Amino acid sequence: MLPALTFAPELLLRAQGPGLGMRAAIFDVDGVLTDGSLYIGDAGEVFKAFSVLDGQGLKLLAQGGIVPIVITGRDSAAVRRRVADLGLKHAHYGVKDKLAAAQQVLAALGIGWEELAVIGDDWPDLPLMARAGFACAPANAHAEARARAHHVTAARGGQGAAREFCDLLLVASGRYAALLDGHLTTLDAR
């Protein structure tokens with residue numbers, strides 16, 4: 001069965017990058033994996049809402065051989081729990097200099113900037129977006145992030161933007177159809 005999802009050929013070429021697709025993708029949290037709202041309880045605990053669509057996208061990205069990396073300026077138990085629940089191996093919390101954090105993880109993974117995709121929504125993400133091979137921003141990102149993005153998602157942050165980004169990277173790398181086919185087959189039918 002053919003995938004229902006399509007992207008413009010020129011966008012796919014840009015998102016593919018060198019070789020057979022991007023090797024890693026960096027995700028901001030507030031405004032990308034969430035809608036940017038912070039709910040703070042009486043005891044100071046922070047509550048955040050995450051989209052299951054986005055979470056599935058990050059899992060599929062990893063299954064497709066593209067390393068998902070979370071780099072966020074805030075640190076909270078909610079974010080750490082979500083990252084752990086998704087089984088993500090690379091996450092940096094409370095980061096003041098996202099560029100330095102990205103440099104470290106890319107060096108450790110042996111990945112160059114041209115093989116990296118980034119999705120960010122605000123000024124702290126701009127240095128990453130300027131250097132990455134492919135930069136993306138959610139529909140509700142700050143104007144400066146949208147202006148520097150190669151692609152602005154139709155979906156808003158925390159409401160499917162990260163999933164759209166993941167799907168785009170997987171389609172561009174040629175891995176989307178095989179992942180979809182694997183999910184269409186049940187264990188009983190194999």
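**Exercise 1. Classify K98 as buried or exposed, then trace its polar partners.**

Solution. K98 has 5% relative accessibility in this predicted model. Buried means under 20%, so K98 counts as buried. Now list its contacts beyond four places in sequence: D28, I71, T72, G73, P124, D125 and L128. Two of the side-chain links are polar contacts: K98 to D28 at 2.9 Å, and K98 to D125 at 2.6 Å.

**Exercise 2. Which residues form salt bridges with D30, and which parts of the chain do they tie together?**

Solution. Start with K48. Its side chain meets that of D30 in a salt bridge, 2.4 Å from N to O. D30 lies in the loop between β1 and β2, K48 in the loop between β3 and α2, so the pair ties together parts 18 residues apart in sequence. Go on to R74. Its closest N and O atoms with D30 are 3.6 Å apart. R74 lies in the loop between β4 and α3, so this pair ties together parts 44 residues apart in sequence. D30 is buried at 15%, and K48 is buried at 13%. R74 is partly exposed at 35%.

**Exercise 3. Find the aromatic pair and give its geometry.**

Solution. The count comes to one aromatic pair. F27 and F165 form it, 5.4 Å centre to centre, with 80° between the planes. Planes over 60 degrees apart count as edge-to-face, so this pair is edge-to-face. F27 sits in strand β1 and F165 in helix α7, 138 residues apart. Both residues, F27 and F165, are buried.

Technical notes:
Residues numbered from 1 in each chain as written. Predicted model: local features only at pLDDT ≥ 70, side-chain atom pairs only at ≥ 80, totals over all residues. Heavy atoms only, no water. Phe/Tyr/Trp six-rings, centres within 6.5 Å; stacked < 30°, edge-to-face > 60°. Helix = DSSP H or I, 4+ residues; strand = E, 2+ residues; numbered from the N terminus. Buried < 20%, exposed > 50% of the residue type's maximum accessible area, 1.4 Å probe, protein only. Polar contact = N/O pair within 3.5 Å; in protein donor to acceptor, adjacent residues only side chain to side chain. Contact = heavy atoms within 4.5 Å. Salt bridge = Lys/Arg side-chain N within 4 Å of Asp/Glu carboxyl O.
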